[in-house]
Amino acid sequence: MFTIISRIFHFGVKNFWRNGWLSTATIVIMTLSLIVSLGLIMFGVVTRAAADSIQDKIDISVYFNTTTSEDEILNIQQSLEGLSQVQSVDYISRDQALATFQQNHANDPVISQVVNELDTNPLEASLNIKAKDPSQYGAINDYLSSPNLASYIDSISYTQNQDVINRLATIVRDVETGGWLVTIFLALVAGLVVYNTIRLAIYSNRDEIGIMRVVGASNSLVRGPYVVEGLFWGGIAAVFSVIIVTPACYFLSPYLNEFIPGLNLFQYFYTHILQLFLYQLLFGVVIGSLSSFWAVRRYLKN
Amino acid sequence: MIVFQGVSKHYSGHGVALEDTSFQIDPGEFVSLAGRSGAGKSTVIKLLIGEERPSKGRVFFGQYEVNKLRDNELPAFRRHIGVVFQDFRLLPNKNSYENVAFALEVAGRPQREIDELVPQVLDMVGLGDKMKNFPNELSGGERQRVAIARAMIHRPEVIIADEPTGNLDPFHTFEIVKLLEKINQLGTTVVLATHDKEVINSLERRVITLDKGRVIRDEKKGKYILV
């Protein structure tokens, strides 16, 4: 058994070197396909960042009557935090709201003067609520609209921004679903390209397979070296794909950052490079060896 | 040892390749299958090594009933036979040494035995100095000698040669025939399919003559006669 395995490996390595041009052509095609696969992973990162950045812009604010005490507001904040749909609730007191307002309008002397002339703080305290998922703002709004809270609350921004929030929620959902569909489709295309390339490579070896069969080689001894070759093709293509994508990511990263603030693609790539390389290696090696395994199958009859 | 019992082979759309053919070959014999192109010689060989299955009849090789062997049983069966083809069928990516060694490697023989046997057999066929040459660096006669070395190295019970001299000049033809005779003298059964009159007449051995898929003559010391 050990002899057979070592011979399979030995034949595979020898074929790999002696079929130099065939190996080169196959590795080039596999590298391109693996670049697509790596590109898809990065595309996933970008769409997720884009969706997060949109999601981050959505929230609802609930404004309390000036008569509502801070304790009552903090109680409501606590009850909101207990809701499963809620991700975070920020309390903005009346004083904080005024300070922010003054800060925002510090360069506008008219507004500053008006504010200073007022005896009392006209701004209301508020709670800023972010949901875990944009589609859940409706449920949070329903909770806040319940009759037992009506006496404390002056207004809820959801009612005013409902259309915008729903539209943004749809965009987030569409970006995520679309990203998945594109990923699945292109991954299938990449897989098929690799499979067909390897099929052609094996097809050009069909006479040799016939000779091996006539000499009495068992199916595993005929097939094994091609599977080993497939492993090599996949492994080498994985290395090349990461080498090529690294500088591409480096140059593209600043441009993407302009569109999606907070996204640093190259940093993501750099910190996850080992994980990404392992994905590539797994994809390359699995598809390379499986394609060889299947492609040889049809020549193993008679 | 080899028995054909009422064997027919029909190809759909291409007529009859073999019709109700019966004969027996005993161990140690040197048998020539004679006949024009298309007489059925190659079909007999394909049926014998399990490359094709008969439409009717049975083919026996030792304890094997070849027509009943499953695909996964064929490799082990073929290790009892050495086959030599007109087009040599050498592996282009392996040198002479590796091509010959391959027949032992597929049989799972240990490396030490391979290292010892391959140079001996290549020496025997006169290619001791061309062990590292690839098929495309050898002449037709040399390639056929590598093929014969590969066919005989695992000491098969039978060597089957399908038009082994078809692509060779008279000088190399004579060389190959001598080599086959030598192998036969060492005790291996040889089945030689050929349409070369000179070869058959020089051998003075058993000749089975085929015509239009039927055995028309079977003589102990035969000559090349088609009518």
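Chain A has a radius of gyration of 31 Å, whereas a compact globule of 302 residues would have one near 19 Å; this radius is taken over C-alpha atoms, and the globule rule is 2.2 Å times the number of residues to the power 0.38. The model is a predicted one, in which local features need pLDDT of at least 70 and side-chain atom pairs count only at pLDDT 80 or more, while totals for chains, interfaces and linings use all residues. Residues are numbered from 1 along each chain as its sequence is written, and chains are lettered from A and ligands numbered from 1 in the order in which they are written.

**Chain A**

- The C-alpha trace of chain A spans about 105 × 40 × 35 Å along its principal axes, and its secondary structure consists of 12 helices and four strands, where helices (H or I, at least four residues) and strands (E, at least two) are DSSP runs numbered from the N terminus.
- Chain A is divided into domain 1 (2-54 + 170-297) and domain 2 (59-161), with bounds that come from an automatic or database domain assignment, and the centres of these two domains, taken over C-alpha atoms, are separated by 52 Å.
- Buried residues make up 28% of the 302 residues in chain A; a residue is buried if 20 or more other C-beta atoms lie within 10 Å of its own, exposed if 12 or fewer, and partly exposed in between, with C-beta atoms placed from the backbone.
- Among contacts in chain A between residues at least 6 apart in sequence, 85% join residues at least 24 apart, a contact being two residues whose C-beta atoms, placed from the backbone, lie within 7 Å.
- Helix α12 of chain A (residues 273-297) has 25 residues and reaches 36 Å from its first C-alpha to its last, close to the 36 Å expected at 1.5 Å a residue, the expected span being 1.5 Å times one less than the number of residues.
- The buried residues of α12(A) include A:L276, A:F283, A:I287 and A:V296.

**Chain B**

- The secondary structure of chain B comprises seven helices and 10 strands.
- With a radius of gyration of 17 Å, close to the 17 Å that the globule rule gives for 227 residues, chain B is as compact as a globular protein of that length.
- The C-alpha trace of chain B spans about 45 × 40 × 35 Å along its principal axes, and 46% of its 227 residues count as buried.
- B:P156 lies in the loop between α5 (140-152) and β7 (158-162) of chain B, and B:P156 is buried, with 20 other C-beta atoms within 10 Å.
- Leaving aside neighbours within four places in sequence, B:P156 is in contact with B:H80, B:I81, B:G82 and B:T188.

**Where the chains meet**

- In all, 18 residues of chain A are in contact with 19 residues of chain B.
- On the chain A side, the elements that give two or more residues are α1 (2-18), α9 (206-215) and α10 (219-259).

**Nonpolar cores**

- A nonpolar core is a set of buried Ala, Val, Leu, Ile, Met, Phe, Trp, Tyr and Cys residues joined through C-beta atoms within 7 Å.
- The largest nonpolar core has 100 residues, of which B:L33, B:L48, B:V100, B:A149, B:I159 and B:I160 touch the most other members, and α10(A) gives the most to this core, with 11 residues.
- A second, separate core of 20 residues includes A:A51, A:I60, A:A169 and A:V172.
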